[in-house]
Amino acid sequence: MQRKIITTADGSKTIQIEDWNEQYHSVHGAIQEANHVYIQHGLLFFISENQPALKEKISILEIGFGTGLNALLTILKAKELERQIDYVGVEAFPVASEEVSQLNYPSELKINEDIFKKLHDVSWEDKHQISKAFALTKQQKFFKDISEVNTFDIIYFDAFGARVQPELWTETIFKLMHRALKPKGVLTTYAAIGSVRRTLDSLGFDVEKLQGPPGKRHMIRAVKR
């Protein structure tokens, strides 16, 4: 499929799949969306609700590692908050190095590009200490093959939209998410589809429909009962 790098409304770039008219991030602002959905309503919400001790590692599963933007923002927030993060990013089709080199997140965030480059350069399937506060394991596999049980505190659910990949938004997939989360674990996603809200509720999540990021009315956050 044809892919190209585009600039979103906040100046940060993303990848567009032209055949699907689908982007890896919101055209209204890639960095803005990621901060709003995953950092504010995922990581910071979990910390505020659970008050984990500073010595406790927070475990995060990202569904759709993609460009590495969510992981990069999490590294920065972990350093700021002095929190230890154990991060697993699952991706069936890794982004090509030529595409990564065109993404401008370090310059937009005014940080050294080395840490972003390291996220993509480290090997798959192995655990790597990217920074003092952040360990990363990238797993190349399909979401249906996730098998962890009561492992993660937070899930960043950042799959492509149901319009183009409806099989990623099914009860089967969300059962795996429920199983992978610890009790009181948080799943956050940019989507706000009614069928997804109902599925999450039926599986044992307390579901909230929240204000979405710029350009989107709503999003979903779900907490495992």
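I began with a definition: two strands pair if DSSP finds at least two bridges between them. Strands (E, at least two residues) and helices (H or I, at least four) are DSSP runs, numbered from the N terminus.

I noted that this is a predicted model, in which local features need pLDDT of at least 70, side-chain atom pairs count only at pLDDT 80 or more, and totals for chains, interfaces and linings use all residues. Residues are numbered from 1 along each chain as its sequence is written, and side-chain values use heavy atoms, with hydrogens and water left out.

Entry on β2. I looked up strand β3 (residues 22-23) and found it paired with β2 in the antiparallel sense over 2 bridges. Here I17 stands opposite E22 of β3. This hairpin has 4 residues between its strands, and N21 has a positive phi near 50°. On β1 (residues 3-7), I recorded antiparallel pairing with β2 over 5 bridges, with K4 opposite Q16. In the turn of the β1 and β2 hairpin, G11 has a positive phi of about 95°. I then checked burial (under 20% relative accessible area, 1.4 Å probe, protein chains only). In β2 (residues 13-17), 4 of the 5 residues are buried, so the strand is largely enclosed by the rest of the structure.

Entry on the open sheet. I traced 8 strands in the order β6-β7-β5-β4-β8-β9-β11-β10, with mixed pairing. The edge strands β6 (127-131) and β10 (205-211) each have a single partner, so one side of each lacks a neighbour in the sheet. I found β9 (residues 181-189) and β11 (residues 218-224) paired in the antiparallel sense over 4 bridges, where T189 has I220 as its bridge partner.

Notes: Buried < 20%, exposed > 50% of the residue type's maximum accessible area, 1.4 Å probe, protein only.
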